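Please keep the structure in view while going through them.

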Amino acid sequence: MYTLLKSEVGPYPEIEFAPGFDLRTEDHKARRRLYPVTVVYSVQFLVLLAAAVRAHHALGALVFVVLGVLAWIPIEYWAHRYILHGVFPKRGWLLAPALHYLFDASHADHHARPWDGNYVNGHLDTLWFALVAVPASLLLPVYTAPVFVATVLLCYMTEEWVHHGTHFWNFQWSYFQYLRRRHLYHHSRHGVGTGYGVTSGVWDIVAGTRIPPKARRLLLVPSAAVKSWSRRGPGTTSPHGA
């Protein structure tokens, strides 16, 4: 359960360090929260894709898969920037109380305790959207809106696994290392307000929230200090002052 409200602590709360935490335990805790939506969204996508192929609309389904992936890229960015880091006060215009209830507690605990497995992954947070969008999409041919919505949800699940990896894993693939360093920079004191893209930095460029050039050079070609920070993982002091 979330404990911090962004309307009280701000969209980028200070990190609460926890000496002695066990990264493997937190990793396991976070993965258990992510398994349910992984199963549900994967099965949903495969069932709908199989139905489209069975109806002889494989090519049409592929088009909507591509459209779903392309749609997810800006959705990931804007949701992270304006929903997860958005502040929703209790009072205001008509929808303010509802938005406060739905979103104001989201993500603040994650930034305060980025090592805590209870606050890394989205868990069941998107099921309310799926319960509305999936039945509504089924009003159209299976290879169109249903496949599109299923693809967006599958992309969300994939993004959550990537996000999980940036906090708990340390694969040596160059692109993964790039994503990991830029996301940890986003968690640092100097990185707030930048690096909202988790799987891609494309929309950070478009929207003007790209990590500054000097820091970006360190992330792309890390110094020994940055390499050491990367090995220690989140929840430790970074060379950027996190």
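1. Helix α3 gives the largest share of the nonpolar patch, namely 7 residues. The structure is a predicted model, and the points below should be read with that in mind. The patch lies on the surface and is formed by Leu 59, Leu 62, Val 63, Val 66, Leu 67, Leu 70, Ile 73, Val 202 and Val 206. Together these residues have about 800 Å² of accessible area. Two elements, α3 and α9 (202-207), each give two or more residues to the patch. Leu 59, one of the patch residues, is located in helix α3.

2. Helix α2 covers residues 23-54 and helix α3 covers residues 58-84. The two pack at an angle of about 145 degrees, and their axes are 7 Å apart. The crossing of α2 past α3 is right-handed.

3. Which residues of α2 and α3 meet? From α2 come Phe 45, Leu 49, Ala 52 and Val 53, and from α3 come Ala 58, Ala 61 and Val 65. The residues of this contact divide into 7 nonpolar, no polar and no charged.

4. Phe 45 of α2 is also touched by Leu 154. Leu 154 has its place in helix α7, residues 145-168. Leaving aside residues up to four places away in sequence, Leu 154 touches Tyr 41, Ser 42 and Phe 45. Leu 154 and Trp 72 are 82 residues apart in sequence, yet their C-alpha atoms are 9.6 Å apart in space.

5. Charged side chains deserve a separate remark. Side chains of opposite charge can pair when their charged atoms come close. A search of the whole structure finds 7 salt bridges. One of them joins the side chains of Arg 113 and Glu 16, at 3.0 Å from N to O. Arg 113 lies in the loop between α5 (108-112) and α6 (127-137), and Glu 16 in the loop between α1 (6-9) and α2, so this pair ties together parts that are 97 residues apart in sequence.

How values were computed
Residues numbered from 1 in each chain as written. Predicted model: local features only at pLDDT ≥ 70, side-chain atom pairs only at ≥ 80, totals over all residues. Heavy atoms only, no water. Axes fitted to C-alpha atoms, helices over the stretch in contact; angles between N-to-C directions. Helix = DSSP H or I, 4+ residues; strand = E, 2+ residues; numbered from the N terminus. Left-handed = near helix turned anticlockwise from the far one by under 90°. Contact = heavy atoms within 4.5 Å. Nonpolar A, V, L, I, M, F, W, Y, C, P; charged D, E, K, R; others polar. Patch = residues over 30% accessible without salt bridge, like charges linked within 9 Å, V, L, I, M, F, W, Y side chains within 5 Å. Areas by Shrake-Rupley, 256 points an atom, 1.4 Å probe, with all protein chains shown as cover. Salt bridge = Lys/Arg side-chain N within 4 Å of Asp/Glu carboxyl O.
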